[in-house]
Amino acid sequence: MCKQCASWGWWAEPDSALGIFFEAVRSMPREFPEASEIEQEFPQDTQAQAAWLLTIGEYPDDEDDEDSWDEYEQARRHRDDVAHAWLRSADDMIRLATTVKNYPWLGLWAEQFVSSGAEYSALLRRWMIELIPARSLVRTAAAKTLTEPELPCERTDLVPLGSPSEVEEVLRRAWSAWQSERVHTWADANRGMRARSVLHGALGRKRNGREAALAAIDEIVSDWESRATAVAAAGAGQPAATLTVSVEGPWARPYDGRAPGLTPWETGVLVHWAKDFDWAQAEILLEVPQLVADQVRAGGGAFTEIECIPGDPEETPAAVAGGLVPGVLDDAPVSARIPATVQQLDALSGAGAWLFHVWSIDRGVEVLPVDTIRSRTLTGWSGIIVAGPGDLPDSLVDPWSDDVLAVAKSEEEPDPLGLLAGEVMVARRSGRRGNTVRALRLLALARSASDLRVLGESDARVAGEREVWQGLLANRRLDLTPFRPPSEDPWKRGGLELPLSALGGAQIYSTSLGGEGIKGHSPSCSHAHAGWGCVDMRFELATVRELVSTLTPDWCSKCDGYAIRRLDDRQLRIYRTAHVLMDVNIELAQRESKTFGSSLSASEHEEIHDRLRGAEFGGDDDSYEDQFAWSRTLRALGARVDRLLTR
């Protein structure tokens, strides 16, 4: 393999074992800042100044000293920057160690990256210890242990808030805000900003008594702070507690905000009291004051206490590995496949995988998104991954995709209801060829699903998924008049009562199929709130046969109410041929009219008979009853044509 291919690996399917390995290696952090770069980003004099100021407090004593306010603001900003850098370095170490754990043969090569990353993370941690007083973390833990005190609802300076019950409600919200602020800020002495904010909101635009009420909340918060300080002092003599915790999700808050990251209090606990890190498992050994241990064990945050159990030597690699060991995907024959673990499915999801053919003893072969496979695995389901889009046989996929691409590049516009139109839409909207072929493979795999709603039960959105849904569904309403019975009302157009045959099994998806004043919307309608035009279990499923015979829905006039699963060649032929016969029926009815009727010329007679001959129905898969009903309609129309010739 050439160096370029190994580096980029675009030729490997992203949801294959090789593609996931390439992605894991590419995403490994391999560059950590040198000493000169660290000094440039975090100058030593700035660190020393910030450490000295923040040891004294969060804010200057003199509120009118603007220079001091600027210095403290710079110190707080420096602490935030160092904290974020340390949390990001921790995430890098976790990703690096996890990759080495999943692929042990990378260990020797990755030692240099692990070493430099550990040194960088340790340096930032030492700086954080200087910037965060441990006493503030203990005091925050003490504040969280406090139960709601008796609230001073009868204070006269709180009268602007309203009646005593209204005052009680405001103070209760201020108490919750004060406790929450403790966890989400670095401050040692809590200034009660959130509690004051609650009071501001409750006062609205009232001016009378405003200053007195704000002074009262400051006094109340000061009392709460004194109680927390007393609890912290009482617990100072207790022995430290040792516990092991795991951390779920990224430590640093991602730039896109998709995960919260660790709070300042949780970050401070790790900085001060972590004794050892198992980066590969995202587990930390802590030795913390008893008050802090109680809050960690109380839950509700990113920490989860775990019980350390000695490893079982009989455990198989698949049971303990978090990556894709041989035998999960296409690197082993199907007969040798092993069930994937939750961690391995997470690795697949992280690599951008979406759909797989899976097999289990209880459900047989299915097409499922990775998220659904993961959810089932958590509930005890056991199955194997049979194939992904990259495993579909080239002998079938390549000629098919070449034909689709040829039509997509031409000016041909296929029938908008058919499979080919969906394939061409996928090809034209997928961009470059590599993406197009992958999207077509996903489309071929998705077509195996008996219920498309299963495919939409996934929170993740992957490349090509939007195009695949457009290839699966057509947002058009069917005209099913030819399959309805004739109308007894001469002023209303009736149908021919043609047999639906295979068309009856075509699926439609809508937000509502029951009427009852609830309008049905298609996945593409803004009222459906369906991401990327996909369907999930919020949508209702029906067949065309049910739509013709029993359903009386109320459709949205803008989106036509539903999307139909694209028709295969047989279903499309039935639908279009039925409309040929319906057009003939309408034309004959106009000519048979007593007021405006007219006879047929010989050429018109022959032309209509040619259309009827082209509308022959039948095939090995069609029942005798359907073929007979269709032929009977053809004969009746033919007889009417003959009568008009001699009229």
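Modeller: A residue is called buried when its relative accessible area is under 20%, exposed when it is over 50%, and partly exposed in between, with a 1.4 Å probe and protein chains only. This is a predicted model, in which local features need pLDDT of at least 70 and side-chain atom pairs count only at pLDDT 80 or more, while totals for chains, interfaces and linings use all residues. Residues are numbered from 1 along each chain as its sequence is written, and side-chain values use heavy atoms, with hydrogens and water left out.

Side chains of opposite charge can pair when their charged atoms come close. With a salt bridge taken as a side-chain nitrogen of Lys or Arg within 4 Å of a carboxyl oxygen of Asp or Glu, the count comes to 22. One of these joins Glu219 to Arg155, whose closest N and O atoms are 3.4 Å apart. Glu219 belongs to helix 10 (residues 210-234), whereas Arg155 sits in the loop between helix 7 (134-145) and helix 8 (164-184), so this pair ties together parts that are 64 residues apart in sequence; helices here are DSSP runs of H or I with at least four residues and strands are runs of E with at least two, numbered from the N terminus. Glu219 is partly exposed, because its relative accessibility is 47%.

A second pair links Arg611 with Glu587, at 3.3 Å between the closest N and O atoms. Since Arg611 lies in helix 22 (residues 602-613) and Glu587 in helix 21 (residues 569-591), the pair ties together parts that are 24 residues apart in sequence. Both ends are partly exposed, Arg611 with a relative accessible area of 25% and Glu587 with 24%. Helix 22 also holds the pair of Arg613 and Asp610, and these are separated by about one helical turn because they are three residues apart. Salt bridges that share partners join Glu587, Arg591, Glu604, Glu607 and Arg611 into one network. For Arg613 and Asp610, the N to O distance in their salt bridge is 2.2 Å. Arg613 counts as partly exposed at 45%, and Asp610 counts as partly exposed at 41%.

As for the setting of these pairs, the secondary structure of the protein comes to 23 helices and 13 strands. Of its 647 residues, 48% count as buried, and the accessible surface (Shrake-Rupley method, 1.4 Å probe, with only the protein chains shown counting as cover for residues) comes to about 33100 Å², of which 51% belongs to carbon and sulfur atoms. Taking contact to mean heavy atoms within 4.5 Å, residues 24 or more positions apart account for 70% of the contacts with a separation of 6 or more.

An example of helix packing is given by helix 6 (residues 107-131) and helix 11 (residues 264-273), which meet at an angle of about 110 degrees with their axes 9 Å apart. Helix 6 is therefore roughly perpendicular to helix 11. Arg125, Met128 and Ile129 of helix 6 make this contact with Leu270, Val271, His272 and Trp273 of helix 11. Axes are lines fitted to C-alpha atoms, for helices over the stretch in contact, and angles run from 0 to 180 degrees between N-to-C directions; under 35 degrees counts as roughly parallel, over 145 as roughly antiparallel, 65 to 115 as roughly perpendicular, and the rest as oblique.

Elsewhere, Thr377 in helix 15 (residues 370-378) is buried at 19% relative accessibility, and, leaving aside residues up to four places away in sequence, Thr377 touches Ala340, Val342 and Leu345. Ile338 is in the loop between helix 13 (317-320) and helix 14 (342-350) and is partly exposed at 27%.

Two loop residues deserve a check of the backbone. Ala282, between strand 2 (274-278) and strand 3 (283-288), has a positive phi of about 55 degrees although it is not a glycine, and Ala282 is buried at 12%.
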